Amino acid sequence: MSSCTVIIVAAGSGQRFGGPVPKQYQELGGMPILRRSVLAFLGHPHITAVQVVISPQHRDHYDRAVAGLDLPPPIHGGASRQDSVRLGLEALAKSGKPDLVMIHDAARPLIDAATITAVRKALDHATGAIAAKPLVDTLKRGNAGAIEATIDRSHLWQAHTPQAFHFDAIHAAHQAAAGAQLTDDAAVAEKAGLTVTLVASNADNMKITNPDDLGRAARLLGQNFGDIRTGLGFDVHRLVPGDIIHLCGLTLPHHHTLAGHSDADVALHAVVDAILGAMSAGDIGQYFPPSDPQWKGKDSAHFVRHVVRMVNERGGMIAHVDVTMMCESPKIGPHRDAMQKRLAELLEVTPDRVSVKATTTERLGFTGREEGIAAQAVATVRFPG
Ligand code: MG
């Protein structure tokens, strides 16, 4: 199979959007727009690698947006989109160039797997292929607010991304076109005399340009993630003499510790089981059996990251997690905000999608006698459907 790298162009200033965060790093459905675009390609069967091109000034935003994803270091882009793509191609040419390359705008996070496949397949018979949409509205040419002419719309398409090419051909075309003011890679290819095939884009493959687009994209996303599932997790660990306790991703001083094969973070275990439950994918013991020495003393954050990756690989998103710890001590109140923040980080969602609560059991039962701590969690996970 031919290797195919995707260059995701995210180097724009996004200034039309306003606000301190450039548009490609703003949240859409609980996830930065760039991350959503990256995830659309990462794990796609026709894609070998994903390479993001960024503005060096946005490095902190980038690191936060793609935390935990398996990506090479970003390439620094240039002043225009065309410069950024050329710099991306030049970097790939030096670091083990792929057979094929797709170029995708970070601002089109709603690209679907079928369009990616169709664009890739078109390269079996063409040097270039782009996702595009036939024009359906009647076109008018205006002059001072009045119609001057009606333009024949047949044969007219709106160019979308991804735009895919045989690597050597587009690399040479971009080098030859350096300094020209072309707004997409197909134009660069046309200038070099390459034939570029049009492939119908998925209907929702919109470009987020203005703040209004964000609301429209969020509505589309909501419709696209209509398969909403809920999972329940419950866990108990025994308290034994000790001096620290791992609870909801934090390490706290305590007069006891939780016993278990891993770090025994009872709250994170409940969260992991809730997410697995929402996927109908078994329980934590199947993935991380206590009999396996590699999990001894393991930071339970690892287990959470694993199930978050499972959700991502199935094209899903975590909508919400609510966890309740049942214990007499430690008091959770002083740590609640830090726990919420840590859990949100691990789940790769914004903190408003995470709820952390605690209750005592009025000194009743094993939790009341401080023999152990119990936790339960509910996860809401959305999948395409
Ligand atoms: Mg456990």
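Modeller: Gln175 counts as partly exposed because its relative accessibility is 41%, where buried means under 20% relative accessible area, exposed over 50% and partly exposed in between, with a 1.4 Å probe and protein chains only. The model is predicted, so local features need pLDDT of at least 70 and side-chain atom pairs count only at pLDDT 80 or more, whereas totals for chains, interfaces and linings use all residues. Residues are numbered from 1 along each chain as its sequence is written, and side-chain values use heavy atoms, with hydrogens and water left out.

Gln175 belongs to helix α5 (residues 167-177); helices (H or I, at least four residues) and strands (E, at least two) are DSSP runs numbered from the N terminus. Leaving aside residues up to four places away in sequence, Gln175 touches Arg86 and Glu90, contact meaning heavy atoms within 4.5 Å. Between the C-alpha atoms of Gln175 and Leu346, 171 residues apart along the chain, the separation is 42 Å.

At the metal site, Asp235 (OD), His237 (NE2) and His269 (ND1) are the protein donors of the magnesium ion, at 2.1 to 2.3 Å from it. Donors are N, O and S atoms within 2.8 Å of the metal (3.2 Å for Na, K and Ca); water is not among the atoms, so sites may look incomplete. Asp235 in strand β10 and His269 in helix α8 (residues 266-278) link distant parts of the chain, 34 residues apart. Asp235 is buried because its relative accessible area is 17%, and His269 is buried at 7%.

Strand β10 (residues 227-241) pairs with strand β16 (residues 372-383) in the antiparallel sense over twelve bridges; pairing requires that DSSP finds at least two bridges between two strands. Thr230 has Thr380 in β16 as its bridge partner.
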